[in-house]
Each structure stands twice: as C-alpha cells, then as structure tokens.
Amino acid sequence: MVLHRVHHQILRSHHLFEPLNDEQLDELMATSQLLSVDKGEPLFHQGESADAFYFVIAGAVKIYRLTPDGQEKVFEVIGPRQTFAEAMMLMDTPNYVASAEAVGPTQLYRLSNATYIRLLQSNNRLTFALLGKLCVRLHQRVNEIETLSLKNATHRVVRYLLTQLMQAQPVERQFELPMAKQLIAGHLAIQPETFSRIIRRLIDDKIISQDGRRIVILDRPRLEQFE
C-alpha cells in the first residue's frame with residue numbers, strides 16, 4: 001500500500017494525472033497494471049489493438065517501427081515519469097502505429113484507455129491537459145522532421161550531444177549517453193558507424209572526451225560550431 005501511494009505521488013507529477021482528484025485517480029489505478037519487464041521484452045507491437053497507454057516508473061522503453069527492408073527506426077526512448085501511447089486514445093485507428101520494447105529492466109504502469117476516456121469526458125481540466133500534451137509532442141515531431149530533412153549527420157549528433165548536456169549536468173559539462181550507440185544512431189536516422197566516426201572526430205579534435213557512456217564536453221563553443 002505504501003508503494004502504491006508513492007506511485008500515486010509520482011503519477012501526480014505528470015500533467016496528464018495532476019488534475020485528477022483522489023477518487024478519480026483511484027478509479028484509474030483500479031483498472032491499471034504495474035509491470036516489471038526485462039531488457040528486450042515487448043510491451044506491444046505495431047498493429048495490435050491499442051487498449052492501453054503507459055507510464056514509466058523506472059527504466060526506459062524504445063518506440064520503433066521496422067522499415068520494409070527490416071531496418072529498425074527508433075522514434076523515441078521514453079524514460080522515467082514519461083507516458084507513451086496515450087495519443088492512440090484520440091486517433092481514428094484502434095491499433096498501435098509503432099512497437100514498444102524495454103531498453104533495460106523497466107517498471108511501468110499499463111493504464112486503461114477506456115477508464116481514462118471516461119474520466120476525460122467528466123473533467124475539463126484533464127481534457128485541456130491532454131490537448132496540451134499532444135500539442136507539445138506534435139511540435140517536437142515537427143522539429144525532428146526539420147532536423148532529419150535539412151541537417152547533415154554531424155549537425156544531428158552535435159545537437160543531440162548539446163541537448164543531452166542541457167538535460168543533465170551543464171555546469172559540470174558532462175553526462176551519460178542514455179542508450180547504446182545503435183539506438184542513438186537509429187533515433188538520429190544515421191548508421192551506427194557514422195555516429196562512431198563523428199564521435200571519434202570530436203575526440204581527436206579534443207572537443208569531447210569519452211569513457212564508456214560518459215561524455216565530457218571539453219570545448220563547448222567549438223562543439224556548437226563544429227561542422
């Protein structure tokens with residue numbers, strides 16, 4: 001019960017759940033499942049019935065699709081206190097449009113679409129929270145499309161490193177890559193070998209250093225101008 005209440009507090013930190021009162025949150029949780037999955041375990045596959053969305057407590061999940069030639073395209077990696085697949089509730093299609101798989105050991109809630117929609121219909125604040133969430137994600141996707149379409153691979157990697165720095169320890173000028181280089185390369189729509197070559201150039205030019213997944217920014221102005 002204590003763990004259940006802790007999770008309630010974590011859920012309330014997300015704007016999709018913050019507007020819910022205690023009774024509404026209990027109703028949602030009564031039809032949810034707390035899952036613990038291992039690395040590589042699928043949560044759903046593209047084309048399966050979309051009857052639930054997810055909230056990550058700990059760990060990470062990749063959202064991906066397979067191209068016609070079998071290549072894996074990673075759209076996003078979802079970390080703690082983030083939701084995914086919630087857009088399916090308001091889409092015309094009843095099926096998931098991508099697949100989801102745990103990147104490592106992950107704990108997350110599987111939440112009922114039907115219950116959330118019922119609560120949504122009776123709570124205007126929740127309705128606007130959901131609209132805001134979807135607008136933000138749409139804006140992110142537009143920016144990603146622009147980057148993937150107009151910028152070269154080096155710019156994508158540099159922008160990715162700077163984004164990770166700002167999300168982690170900008171004062172200390174270091175951070176850990178959140179996933180394997182193959183996943184990062186897939187997310188940036190480049191080959192893993194290309195990603196490795198760009199990282200090696202940055203290291204050789206003494207702009208960054210690398211120790212495993214830990215990246216230290218040695219010269220941020222040069223990184224920002226790197227071509």
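Let's start with helix α7, residues 192-204. At 1.5 Å a residue, its 13 residues should span 18 Å, and the end C-alpha atoms are 18 Å apart, so the two agree. The expected span here is 1.5 Å times one less than the number of residues. Helices (H or I, at least four residues) and strands (E, at least two) are DSSP runs, numbered from the N terminus.

A word on the source. This is a predicted model: local features need pLDDT of at least 70, side-chain atom pairs count only at pLDDT 80 or more, and totals for chains, interfaces and linings use all residues. Residues are numbered from 1 along each chain as its sequence is written, and side-chain values use heavy atoms, with hydrogens and water left out.

Back to α7. Which of its residues are buried? Thr194, Phe195, Ile198, Ile199, Leu202 and Ile203. Buried means under 20% relative accessible area, exposed over 50%, partly exposed in between (1.4 Å probe, protein chains only). The buried residues of α7 pack against α5 (153-167), α6 (181-187), β10 (208-211) and α8 (220-225). Contact means heavy atoms within 4.5 Å. After α7 comes lysine 206, with a positive phi near 60 degrees.

Next, the cores. A nonpolar core is a set of buried Ala, Val, Leu, Ile, Met, Phe, Trp, Tyr and Cys residues joined through side-chain atoms within 4.5 Å. The largest has 37 residues; Phe17, Leu43, Phe84 and Tyr116 have the most contacts inside it. Strand β3 (residues 52-58) gives the most to this core, 6 residues. Another core, of 28 residues, lies apart from it; Val74, Leu177, Met179 and Ile208 are among its members.

Now pockets. On a 1 Å grid over the protein atoms alone, a pocket is an open set of points where a 1.4 Å probe fits, with protein on both sides within 12 Å along at least five of seven lines; lining residues have an atom within 4 Å of a point. Volume is the space filled by probe spheres set on the points, which are joined across faces, edges and corners.

The largest pocket holds about 1,100 Å³. Its lining has 36 residues, with Glu144, Thr163, Gln164, Gln167 and His187 nearest the centre. Helix α4 gives the largest share, 10 residues. By class, that lining has 14 nonpolar, 13 polar and 9 charged residues. Ala, Val, Leu, Ile, Met, Phe, Trp, Tyr, Cys and Pro count as nonpolar, Asp, Glu, Lys and Arg as charged, the others, Gly among them, as polar.

The second largest pocket holds about 590 Å³. Its lining divides into 14 nonpolar, no polar and 5 charged residues.
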